[in-house]
Amino acid sequence: MRKLLFTNIKELVQVREKGISFVAGAKMDVLPTIQDAYLLTEGDYIVDFGRMADIPKIDFSSTHVEDVTGKMIFPAWCDSHTHLVYAGHREGEFVDKIKGLSYEEIAKRGGGILNSAKKLAATTEEELLRESSVRIEEIIAQGTGAVEIKSGYGLSIDAELKMLRVIRRLKGYFDIQIKATFLGAHAVPEKYKNNKQAYLQLLVEELMPMIAEEKLADYVDIFCESGYFSAKDTEYILKAGKYHGLAPKIHVNQFTSIGGVQVGVKYDALSVDHLEVMTDEDIDALKGTKTMPVALPGCSFFLGIPYTPARTMIQAGLPLALASDFNPGSTPTGNMNFVVATACIKMKMTPEEAINAATINGAYAMGLEKQVGSITKGKLANFFITKPLHSYASIPYFFASNLIEKTYLRGFTV
Ligand code: NIG
Ligand code: FE
């Protein structure tokens, strides 16, 4: 079996001897590392690591050795929230926004999600696969080794299935770990504009059974927001998802707090995402639960909306994950290095907290904490090697530099 040995690693970051599920509260500020380390992989997996001084005897005839003096190794980023399967772009809206229109105003004019749905309906499955593959290649080069991808620009039976099939094909083509989420309830399509209930019924009664039958999704999502879907709509969708074995990962509290967090917790959501607007009640509702709060600072940056109150939430003992939200409307980037930097600079997370949030906590938020998210024996050999760095804080500090030299997925450099 293929064996790789990395020697003289300046610092091996996010080392967990024993696998953990996630870190919360004050523990988020602790990032275990080994300085002057080695890392050994065999086939798809991490099999050993430790201090150079303790390196075991190696059969060099069967092991490829790479000296990485001055460089660091991190577990690959775990991006638990993206919409990276989409058609075209929305650069026109970008300019409208520069000239003063808000995200909501753009949506009211027929822009926003409905604009992307129109473009997606006119795009073939092959073309959508091609566009999405380019984005996957880009995020892998930026250090991402696991990603969740949502549907939600289809908004019809055919187009939602088209998106989910593209996600399935991506799983086959790339070694990055991929989870699929059904987000039929992303917006009310034009055709149902005066009958939201009928659209929700179509999703629950017709589309969800098809998705479950073809096993096209792992999770279910809904955009619980004023002007989109209510807490009651959310309950309706999550209940149906539960019936079909789809755990919730939901969009809540982006602009307003309307009870979505509480519904998520009631239905054992794996994650509640966005959380730019958080009340004390929302924070209390998350305490002691297994639901991971997920912040998307790239979205706050691009739209100029508030950032998730990370300090208040961590102070309250909650965990927090960071994800990109890669999509054409609110966050046209899947670069997790930028996400980590923005979390430090704008949300006042420490580098330790942000790296935990973008690795092990992100892995948990997509049910992959046993496979990825830390340097642990038996986990997948999904990691990145940096350029020479002073310390791991260089990643958020040099916020616009590309400090990743190469990414490995399942023990193969990409
Ligand atoms: O997470 N807020 C809802 N959905 C996406 C944006 C979708 C879009 O504008 O295309 C988000 O930000
Ligand atoms: Fe999103």
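In which loop is Leu155 found? In this predicted model, where local features need pLDDT of at least 70, side-chain atom pairs count only at pLDDT 80 or more, and totals for chains, interfaces and linings use all residues, residues are numbered from 1 along each chain as its sequence is written. Chains are lettered from A and ligands numbered from 1 in the order in which they are written, and side-chain values use heavy atoms, with hydrogens and water left out.

Leu155 is found in the loop between β7 (144–150) and α5 (157–173); helices (H or I, at least four residues) and strands (E, at least two) are DSSP runs, numbered from the N terminus. Its phi is near 60 degrees, a positive value in a residue other than glycine. Most residues other than glycine have a negative phi. Leu155 is buried, with a relative accessible area of 5%, where buried means under 20% relative accessible area, exposed over 50% and partly exposed in between (1.4 Å probe, protein chains only). Leu275, also not a glycine, has a positive phi of about 60 degrees. Leu275 is placed in the loop between β11 (271–274) and α9 (280–286) and is buried, with a relative accessible area of 0%.

His81 lies in the loop between β6 (77–79) and α1 (91–98), and Asp325 in the loop between β13 (321–322) and α12 (336–347), so the pair ties together parts that are 244 residues apart in sequence. His81 and Asp325 are both buried.

A nonpolar core is a set of buried Ala, Val, Leu, Ile, Met, Phe, Trp, Tyr and Cys residues joined through side-chain atoms within 4.5 Å. The largest such core has 113 residues, and those with the most contacts inside it are Trp77, Ile237, Leu322 and Met349. At least three of its residues come from each of domain 1 (3–75 + 374–413) and domain 2 (77–364), with bounds from an automatic or database domain assignment. A second, separate core of 17 residues includes Leu12, Ala37, Ile46 and Ile385.

Grid points are joined across faces, edges and corners, and a volume is the space filled by probe spheres set on the points. There are 2 cavities of 30 Å³ or more. The largest cavity holds about 90 Å³. It is lined by 13 residues, of which His83, Tyr103, His186, Asn327 and Ser330 are the closest to its centre. The second largest cavity holds about 30 Å³, and its lining includes Pro75, Gly373 and Lys379.

The largest pocket has a volume of about 490 Å³. Among its 21 lining residues, Ala107, Lys108, Leu114, Gly227 and Tyr228 lie nearest its centre.

Key. 1 Å grid on protein atoms, 1.4 Å probe; cavity = no way out; pocket = protein on both sides within 12 Å on 5 of 7 lines; lining within 4 Å.
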